[in-house]
Amino acid sequence: MSDTLTLSAETRDRVGKGASRALRREGRVPAVIYGNNQEPTSIHLDERALYKALHTGHFMNSVVMIEGLGGKAIRTIAKDVSLDVVTERPVHVDFLRIGEHTTVNVAVPVVFADEEESPGLKKGGVLNIVRHELELVCDAAEIPSEITISLKGLELGDSLHISAVTLPKGVASAIDDRDFTIATIATPAALKSEGAEDAEEAAEGE
């Protein structure tokens, strides 16, 4: 299960581009908390603390507890992080307010295992990753930190589809209208050309 992250915040009295620029000069990042049938709350966060959380590798699929706003911490998940196009520093974050057991849509990273047990890879095939993340639906208290997928038995040219993946209990794919591809074992160009040459030689021999 993905870890819960905690960030301290303060409410924003002023909104707008000018106010946001002033906050960023002070090392703060503007953000908003919305959802759960409540009014949006404008806040700002410490940039260094946010930067550290962003680089945990699972910020977008973790519950983020927002503290420091008076009263009880607010349970959220991050829905969008805007980055500066030049510096890639965070400039704004959207948080969705959720309950402890709210059903949420999250993007969870994929990890591939058992590469040594894939005949296709042993023959020189290349793992072509189509989706590095899976869009999943699950309980906010049970968000997986990653989905491990075995490559055992995959041959050259094989495709790995979502139907072949065993998801944790209570977790489902957000895309349920098609059996989409997650990865393939591609034939490298060198092997393809060798196969073509063998076929030509066989044809000439005949």
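In this predicted model, the largest pocket has a volume of about 200 Å³, where a pocket is an open set of points on a 1 Å grid over the protein atoms alone at which a 1.4 Å probe fits, with protein on both sides within 12 Å along at least five of seven lines, and the volume is the space filled by probe spheres set on the points. The lining, made up of residues with an atom within 4 Å of a point, includes L54, H55, V81, A107 and E133. Two or more residues each come from β5 (74-83) and β7 (103-113), strands being DSSP runs of E with at least two residues, numbered from the N terminus.

Strand β7 also belongs to an open sheet of four strands, ordered β10-β7-β9-β12 with mixed pairing, in which two strands pair if DSSP finds at least two bridges between them. Because β10 (147-150) and β12 (172-173) each have a single partner strand, they stand at the edges. The pairing of β7 with β9 (residues 133-139) is antiparallel and runs over seven bridges, and A107 has E135 as its bridge partner in β9.

In the loop between β5 and β6 (90-97) lies D84, which at 29% relative accessibility counts as partly exposed, a class between buried (under 20%) and exposed (over 50%), computed with a 1.4 Å probe on protein chains only. The side chain of D84 reaches the backbone nitrogen of V86 at 2.8 Å and that of T87 at 2.9 Å.

Residues are numbered from 1 along each chain as its sequence is written. Local features need pLDDT of at least 70 and side-chain atom pairs count only at pLDDT 80 or more, whereas totals for chains, interfaces and linings use all residues, and side-chain values use heavy atoms, with hydrogens and water left out.

Notes
A polar contact is a pair of N or O atoms within 3.5 Å; within protein, one must be able to donate a hydrogen and the other to accept it, and residues adjacent in sequence count only if both atoms are side-chain atoms.
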